[in-house]
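This report goes through one structure, element by element. The sequence and coordinates come first, and the description follows.

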Amino acid sequence: MSERLGPPLDEPVFDELAIIGIGLIGSSLARAIRRQNAARRIVVADASEEALGRAEALGLGDAFTTDLAEGVRNADCVILCAPVGANAAIGRAIAPALKLGAIVSDVGSVKADVIAALQPVLPDHARLVPAHPVAGTEQSGPDAGFATLFVNRWSILTPPEGADAAAVAQVRRLWEAIGANVEVMEAAHHDLVLAITSHVPHLIAYNIVGTAADLEDVTRSEVMKFSAGGFRDFTRIAASDPTMWRDVFLHNKDAVLEMLGRFSEDLTALQRMIRRGDGDGLFALFTRTRGIRLGIVAQGQETAAPDFGRRVPDDGKAGR
Ligand SMILES: NC(=O)C1=CN([C@@H]2O[C@H](COP(=O)(O)OP(=O)(O)OC[C@H]3O[C@@H](n4cnc5c(N)ncnc54)[C@H](O)[C@@H]3O)[C@@H](O)[C@H]2O)C=CC1
Ligand SMILES: O=C(O)C(=O)Cc1ccc(O)cc1
């Protein structure tokens, strides 16, 4: 699977694009958009002076500000890249300053709640097109981003009912310009799918690493010493940003609880198989799950090893 970006666009998708929140995803977007000539000018806004300082040092934009309203004043498209719990406050801060017909998008891992938070606070003339790139790593901050993060990854758009078709097309073009495959989905459906494919797996990782950490000291040191294979993979996921993931669980509560209920039932069935010595049952399940993995690899979405954290050698640099 190629991780290279295609040739840059002859004509940018947007004249001015504002990124609010220049962490892992915001900085990856800035690098990719710059490299692909997908916007003429990038304005970077962030609540954190420290993050902005790093973004400026890395050359991730053309202008940098902690004043969110100032940051969006001339933007044709504003992309919210902060933890999802911050979106309502950011929406309120930028609403009065938005240019007529500005597109407001985001990258949040949760969609229905984000729409519910943003729609009431944005002016009627703003065109909301939420998005979720299903690509990332356990790291955060502007130094962790890289331009090829979205190559051959899905970006899911969840336009609310009545969304402006031209705005949806422009956001699609932006993601395609930086290598992503785009799918359009209803927000509630997105939240259910992502609850089982991403949110519950993260919860399981946080839980298993927490359980190991709670063991007696002597056992715990052995857990660390012998943490190979499965547990080691869980520790990577469990190192993911606490603020971001707290917000995901608080804002996708219903879908996560629904999927967690099903998961618990299946876990109980597995427990019973082990207690009863039901080797055939265990073997049948493990064979079925192996088939699912092989199907994912065959579709080219995954290499044999987990690859969310992969980088190509020149990716630490800014896009110019
Ligand atoms: N980390 C990942 O792998 C992925 C994350 N996402 C989504 O992307 C969003 C950002 O995640 P990351 O880039 O990982 O986070 P991050 O922690 O690396 O960066 C977040 C940035 O937002 C800024 N910020 C926080 N509150 C703010 C506010 N009120 N106003 C302005 N700036 C504010 C922070 O200072 C920080 O620079 C989240 O909504 C997350 O759900 C989506 C796909 C993958
Ligand atoms: O690092 C990993 O394994 C991830 O799962 C990255 C990730 C985190 C959150 C998302 O909404 C999408 C992708």
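This is a predicted model: local features need pLDDT of at least 70, side-chain atom pairs count only at pLDDT 80 or more; totals for chains, interfaces and linings use all residues.

Thr 148 is found in the loop between strand E7 (131-133) and strand E8 (154-157). Thr 148 has 23 other C-beta atoms within 10 Å, so it counts as buried. From Ala 97, Thr 148 is separated by 51 residues in sequence and by 32 Å in space, C-alpha to C-alpha.

## Asn 37

A positive phi in a residue other than glycine is also found at Asn 37, where the value is near 55 degrees. Asn 37 sits in the loop that runs between H1 and strand E2 (39-45). Is this residue buried or partly exposed? Asn 37 counts as partly exposed because it has 16 C-beta neighbours inside 10 Å.

## The sheet

Six strands form an open sheet in the order E3-E2-E1-E4-E5-E6, and the pairing is parallel. Strand E3 (63-65) and strand E6 (127-128) are the edge strands, each pairing on one side only.

Val 104 has Leu 128 of E6 as its bridge partner.

## Two domains

The domain assignment divides the protein chain into domain 1 (14-186) and domain 2 (190-298). Their C-alpha centres lie 30 Å apart.

Contact between the two involves 15 residues of domain 1 and 16 residues of domain 2. On the domain 1 side, the touching residues comprise six nonpolar, five polar and four charged.

## The shell around ligand 1

Which residues come nearest to ligand 1? Among the 29 residues around the ligand, they are Gly 21, Gly 23, Ser 109, Gly 136 and Ser 140. By class, the shell holds 17 nonpolar, ten polar and two charged residues.

Both domains take part: domain 1 (14-186) and domain 2 (190-298) each provide at least three residues of the shell. Among the helices, helix H1 (24-35), helix H4 (87-94) and H10 each supply at least two. The most comes from H1, which gives three residues.

## Helix H10

H10 (residues 242-251), one of the helices that contribute to the shell around ligand 1, has four named buried positions: Met 244, Asp 247, Val 248 and His 251. Seen down the axis of H10, these buried residues fall within an arc of 105 degrees, so they line one face of the helix.

Key
Residues are numbered from 1 along each chain as its sequence is written. Chains are lettered from A and ligands numbered from 1 in the order in which they are written. A residue is buried if 20 or more other C-beta atoms lie within 10 Å of its own, exposed if 12 or fewer, and partly exposed in between; C-beta atoms are placed from the backbone. The arc is that of the directions from the helix axis to the C-beta atoms. A residue is near a molecule or strand if its C-beta atom, placed from the backbone, lies within 6 Å of it. Ala, Val, Leu, Ile, Met, Phe, Trp, Tyr, Cys and Pro count as nonpolar, Asp, Glu, Lys and Arg as charged, and the others, Gly among them, as polar. Domain bounds come from an automatic or database domain assignment. Two strands pair if DSSP finds at least two bridges between them. Two residues are in contact if their C-beta atoms, placed from the backbone, lie within 7 Å.
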